[in-house]
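Here's a quick tour of some local packing details. Have the viewer open while you read.

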Amino acid sequence: MNKNLFLTGLALFISSMASYGAQVDSGLIQQGEYLARAGDCVACHTAVGGKPFTGGLAIKSPIGLIYSTNITPDPAQGIGGYSLEEFGNAVRQGVRKDGRTLYPAMPYPSYSRLSDDDVKALYAYFMHGVEADSTVNKETEIPWPLSMRWPLRIWRGLFAPEAKPFNAQTYSDPQVARGSYLVQGLGHCGSCHTPRGMAMQEKALTEQQGEHWLAGGTVIDGWSVPNLGADHYNGLGSWSEDEIVAYLKTGRTDRTASFGPMTDVISWSTQYLTDKDLHAIAKYLKTLPVSKTADKEVVASNTTSPAGEAIYQDNCAICHGRQGEGIARMFPQLRGNSIVTGPLPDSLVKIIREGATLPAGNWAPSTVSMPAYADQFSSQQTADLINYLRGAWGNHSSTSVTAQDVEQIIRDGGNAGAGNTAGWTFMQAQPYGKQWTFQIESHHDAHDNAK
């Protein structure tokens with residue numbers, strides 16, 4: 001009799017769980033997947049060559065090496081045991097299920113403004129749209145006493161805002177409000193494009209918090225970060241909304257192309273956004289003023305370099321044009337390119353020496369690569385070429401570059417070294433999703449060729 005009651009109870013339990021799974025709104029799961037792509041969750045929570053969301057990605061921080069965690073619904077290693085409230089606390093407040101504070105490599109200061117509905121959709125996706133996996137989480141490689149987590153609670157209290165819904169009423173235009181919500185929240189654009197303070201906190205989380213918001217001027221993993229304000233020489237002042245949309249969707253426009261970490265963001269995240277959301281982002285970015293920390297009146301420096309011109313004509317003009325005009329959507333235009341004219345030359349040094357690859361995407365299926373010249377150009381030749389680029393064809397730059405500058409940039413590249421106020425360095429993850437069968441191979445082949 002007891003055995004029959006047990007079996008009956010077990011059957012009812014299994015039936016109720018199956019019924020619950022069937023009742024999960026498939027539309028909510030799809031919405032959560034879209035939001036996860038907008039937040040680029042896979043980029044940090046997937047190790048190189050690993051399964052999506054199983055963690056293990058190495059993240060260099062100023063205090064040591066941190067590994068991202070498994071966020072599949074596995075109950076032991078993942079987040080399968082999290083309730084909706086606990087999930088929301090982790091995403092928006094940086095508080096784990098056990099009450100301990102997450103490292104701010106997780107951009108919860110940005111995610112704090114996510115709406116309850118979006119948190120619910122993300123929860124539905126990660127619990128019902130992601131396959132559970134028992135990949136074991138890796139321990140951090142941070143020496144004691146820096147490995148103690150209790151100071152993170154103080155950091156969170158000082159620099160992470162309390163979770164509260166985004167106030168769209170701050171903006172008169174609903175489309176601008178939507179763009180602001182995406183840029184400030186899930187897009188966490190400020191994580192790279194906003195300078196950080198001594199405690200590694202972002203100096204501003206919104207445009208209302210001051211001039212540092214999206215002001216760039218930092219170096220991440222050897223790449224100089226441009227500002228996203230209206231500055232013409234190192235920002236988006238000369239970009240139209242349509243160009244911004246094309247860039248976020250394909251990684252290329254008629255005059256420029258993505259590089260470095262931004263290529264990964266486009267590959268894994270922004271190319272999946274709807275045109276409506278991309279236009280909202282572009283419209284919001286075009287409302288930002290010229291950054292007070294950017295060059296406002298750039299005076300052309302004496303960067304005329306006959307040696308650099310000869311190097312350019314012999315090695316670069318075949319793709320980028322004799323007048324720096326480039327080839328639309330293939331080889332970036334160097335005339336009037338903010339990466340060329342910006343105050344920090346780090347990206348130019350890195351691209352010239354290491355090469356670059358623009359991987360295939362869903363909207364631009366051609367992979368385009370530039371060869372590396374580290375073995376061909378000395379530090380002096382690299383400086384000569386950069387100085388020529390920064391002063392040719394009407395380009396203006398406030399600084400010139402020396403061979404010593406190039407050598408310093410090479411030494412600092414890839415580390416949280418001098419001038420790197422961003423502090424976090426994310427290793428390479430990989431794209432995910434049904435559309436990526438071809439692109440994954442292209443991306444990794446291109447990455448391997450660029451090493």
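Which residues in H17 meet which residues in H18?

## Ground rules

This is a predicted model, where local features need pLDDT of at least 70, side-chain atom pairs count only at pLDDT 80 or more, and totals for chains, interfaces and linings use all residues. Residues are numbered from 1 along each chain as its sequence is written, and side-chain values use heavy atoms, with hydrogens and water left out.

## H17 and H18

On the H17 side you'll find Ser 379, Gln 380, Thr 382 and Ala 383, and they meet Ala 403, Val 406, Glu 407 and Ile 410 of H18. Contact here means heavy atoms within 4.5 Å. Helices are DSSP runs (H or I, at least four residues) and strands are too (E, at least two), numbered from the N terminus.

H17 covers residues 379-389 and H18 covers residues 403-412; they pack at an angle of about 105°, with their axes 8 Å apart. That makes H17 roughly perpendicular to H18. The angle classes are: under 35 degrees roughly parallel, over 145 roughly antiparallel, 65 to 115 roughly perpendicular, and the rest oblique. Axes are lines fitted to C-alpha atoms, for helices over the stretch in contact, and angles run from 0 to 180 degrees between N-to-C directions.

## H10 and H12

Helix H10 (residues 241-250) packs on helix H12 (residues 275-285) at about 125°, and their axes are 9 Å apart. That makes H10 oblique to H12. H10 brings Glu 241, Asp 242, Ile 244, Val 245, Leu 248 and Lys 249 to the contact, while H12 brings Asp 275, Leu 278, His 279, Ile 281, Ala 282, Lys 283 and Leu 285.

## The hairpin

Strands S1 (residues 58-61) and S2 (residues 64-67) pair in the antiparallel sense over four bridges; pairing takes at least two DSSP bridges between two strands. Ala 58 has Tyr 67 of S2 as its bridge partner. Two residues sit between S1 and S2 in this hairpin.

## Buried spots

In helix H4 (residues 84-93), Phe 87, Gly 88, Ala 90, Val 91 and Arg 92 are buried, and these pack against helix H5 (108-111) and helix H6 (116-128). Buried means under 20% relative accessible area, exposed over 50%, and partly exposed in between (1.4 Å probe, protein chains only). Just after H4, Gly 94 takes a positive phi of about 75°.

His 188 lies in the loop between helix H8 (174-184) and helix H9 (190-193). Its relative accessibility is 19%, so His 188 counts as buried. Setting aside neighbours within four places in sequence, His 188 contacts Gly 39, Pro 107, Ser 110, Tyr 111, Leu 182 and Val 183. His 188 and Pro 107 are 81 residues apart along the chain, yet their C-alpha atoms are separated by 6.8 Å.
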